[in-house]
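Biologist: Can we go through this one together? I'd like to start with the cross-link and then move on to the rings.

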Amino acid sequence: QVHLVESGGGLVQPGGSLRLSCTASETIFGIYVAGWYRQAPGKQRELVAAITEIGVTNYADSVKGRFAISRDHAKNTVYLQMNSLKAEDTAVYYCAAGFDATNPNNYWGQGTQVTVSS
């Protein structure tokens, strides 16, 4: 069973930046698609960024130009760099991995809270 552990969430002011990390218990990010989802209170979980095993990335329209997903194979880690944060980015962010590039949902982390507020 693959375990994913997120870190890096917290409270940040509007316009600020955060970097989330997701470390896997096994070497999987060269095999699976990795993704970052988020879920805000009262809303459905949405995929905000994904990176395929060959490094192709895609983003939700709401975060394009502000968020960047990347990975470090040597560290079994995927990152989500979030810049120019807005209040509407407030959510629990989940790391996930799977085979489907549009919905990589076979394995999940426990989630990390990101709050954007002044």
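Predicted model: local features only at pLDDT ≥ 70, side-chain atom pairs only at ≥ 80, totals over all residues.

**Disulfide and aromatic rings**

Modeller: The link of Cys 22 and Cys 95 is left-handed, with -75 degrees about the S-S bond. Cys 22 is in strand β3 (residues 18-24) and Cys 95 in strand β9 (residues 91-98), so the pair links distant parts of the chain, 73 residues apart. Strands here are DSSP runs (E, at least two residues), numbered from the N terminus.

Biologist: How many disulfides does the structure hold?

Modeller: The structure holds 1 disulfide (a pair of cysteine sulfur atoms within 2.5 Å). The S to S distance between Cys 22 and Cys 95 is 2.0 Å.

Biologist: Is Cys 22 buried or exposed?

Modeller: Cys 22 counts as buried because its relative accessibility is 0%. Buried means under 20% relative accessible area, exposed over 50%, and partly exposed in between (1.4 Å probe, protein chains only). Cys 95 is also at 0% and counts as buried.

Biologist: On to the rings. How many aromatic pairs are there?

Modeller: The count comes to 4 aromatic pairs. Rings of Phe, Tyr and Trp (its six-membered ring) pair if their centres lie within 6.5 Å; planes under 30 degrees apart count as stacked, over 60 as edge-to-face and the rest as tilted. One of the pairs is Tyr 32 with Tyr 107, edge-to-face at 5.6 Å centre to centre and 85 degrees between the planes.

Biologist: Where do Tyr 32 and Tyr 107 lie?

Modeller: Tyr 32 lies in the loop between β3 and β4 (33-39) and Tyr 107 in strand β10 (residues 107-108), so the pair ties together parts 75 residues apart in sequence. Both Tyr 32 and Tyr 107 are buried. Together with Phe 99, Tyr 32 and Tyr 107 form one aromatic cluster.

Biologist: And which rings does the charged end of Arg 45 sit over?

Modeller: The charged end of Arg 45 sits over the ring of Tyr 94, 3.9 Å from its centre, and over the ring of Trp 108, 4.7 Å from its centre. The rule asks for NZ of Lys or CZ of Arg within 6 Å of the ring centre and within 35 degrees of the ring normal.

Biologist: Is Trp 108 buried or partly exposed?

Modeller: Trp 108 counts as partly exposed, at 32% relative accessibility, whereas Tyr 94 counts as buried at 14%.

How values were computed:
Residues numbered from 1 in each chain as written. Heavy atoms only, no water. Helix = DSSP H or I, 4+ residues; strand = E, 2+ residues; numbered from the N terminus.
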